[in-house]
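Please look over the sequence and the model before reading on.

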Amino acid sequence: MPQPHPPFKPCPCGSGRSYAACCQPFHTGERDAPTPELLMRSRYAAYALADSDYVRRTWHPDTVPSDLDLNDGVKYTGLRIHRAEESEVEFTASMKGPGGQAHRMRERSRFVQWDGRWVYLDAAE
Ligand SMILES: [Zn+2]
């Protein structure tokens with residue numbers, strides 16, 4: 001089999017698609033994520049790539065933290081979407097801390113439309 005060119009680079013969101021065909025156009029600003037689920041995926045991928053600009057600009061201005069450090073030594077190792085509804089996405093994110101310890105975070109994220117596009121609001125209780 002000939003090698004594909006450019007080499008296949010899997011998207012960090014774990015979709016199984018190439019990064020260029022998945023979350024990259026959202027990260028570069030070429031397109032806005034059309035649904036909360038795709039926005040959630042692209043935000044996870046941005047955490048994995050330490051793209052804090054993207055994480056910030058897809059966060060509602062009322063709830064975005066004033067400081068956000070993604071170069072904290074955490075490795076993002078997997079994403080599972082459990083449920084995606086109109087404006088809520090429930091997921092489990094897997095990661096590894098700086099010392100190599102694995103942990104998982106389960107969250108129900110809420111998304112709203114803001115200025116004509118989807119943004120992350122907060123985590124539902
Ligand atoms: Zn992706």
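## Burial of the cysteines

C23 is buried, since its relative accessible area is 1%; buried means under 20% relative accessible area, exposed over 50%, and partly exposed in between, computed with a 1.4 Å probe on protein chains only. C13, at 0% relative accessibility, is likewise counted as buried, and C22 is buried at 7%.

The model is predicted, so that local features need pLDDT of at least 70 and side-chain atom pairs count only at pLDDT 80 or more, while totals for chains, interfaces and linings use all residues. Residues are numbered from 1 along each chain as its sequence is written, and side-chain values use heavy atoms, with hydrogens and water left out.

## The zinc site

The SG atoms of C11, C13, C22 and C23 coordinate the zinc ion at 2.2 to 2.3 Å. Donors are N, O and S atoms within 2.8 Å of the metal (3.2 Å for Na, K and Ca), and sites may look incomplete because water is not among the atoms. The spacing of the donor residues in sequence is C-x1-C-x8-C-C. Within this set, C13 and C23 are 10 residues apart, and both belong to the segment before α1 (24-28).

The arrangement is tetrahedral because the 4 donor atoms subtend angles of 105 to 115° around the zinc ion; four donors count as tetrahedral if all angles lie between 85 and 135 degrees. A search of the whole structure finds 0 disulfides, a disulfide being a pair of cysteine sulfur atoms within 2.5 Å.

## The largest pocket

The largest pocket has a volume of about 250 Å³. A pocket is an open set of points on a 1 Å grid over the protein atoms alone, where a 1.4 Å probe fits, with protein on both sides within 12 Å along at least five of seven lines; lining residues have an atom within 4 Å of a point. Grid points are joined across faces, edges and corners, and the volume is the space filled by probe spheres set on the points.

Of the 15 lining residues, M40, Y47, F91, M105 and E107 lie nearest the centre of the pocket. The lining comprises 11 nonpolar, 2 polar and 2 charged residues. At least two lining residues come from each of α2 (36-48), β2 (88-96) and β3 (102-114), and β3 gives the most, with 5. Helices (H or I, at least four residues) and strands (E, at least two) are DSSP runs, numbered from the N terminus.

Technical notes. Ala, Val, Leu, Ile, Met, Phe, Trp, Tyr, Cys and Pro count as nonpolar, Asp, Glu, Lys and Arg as charged, and the others, Gly among them, as polar. Four donors count as tetrahedral if all angles lie between 85 and 135 degrees; four count as square planar and six as octahedral if opposite donors are over 155 degrees apart and all others between 65 and 115; anything else is irregular.
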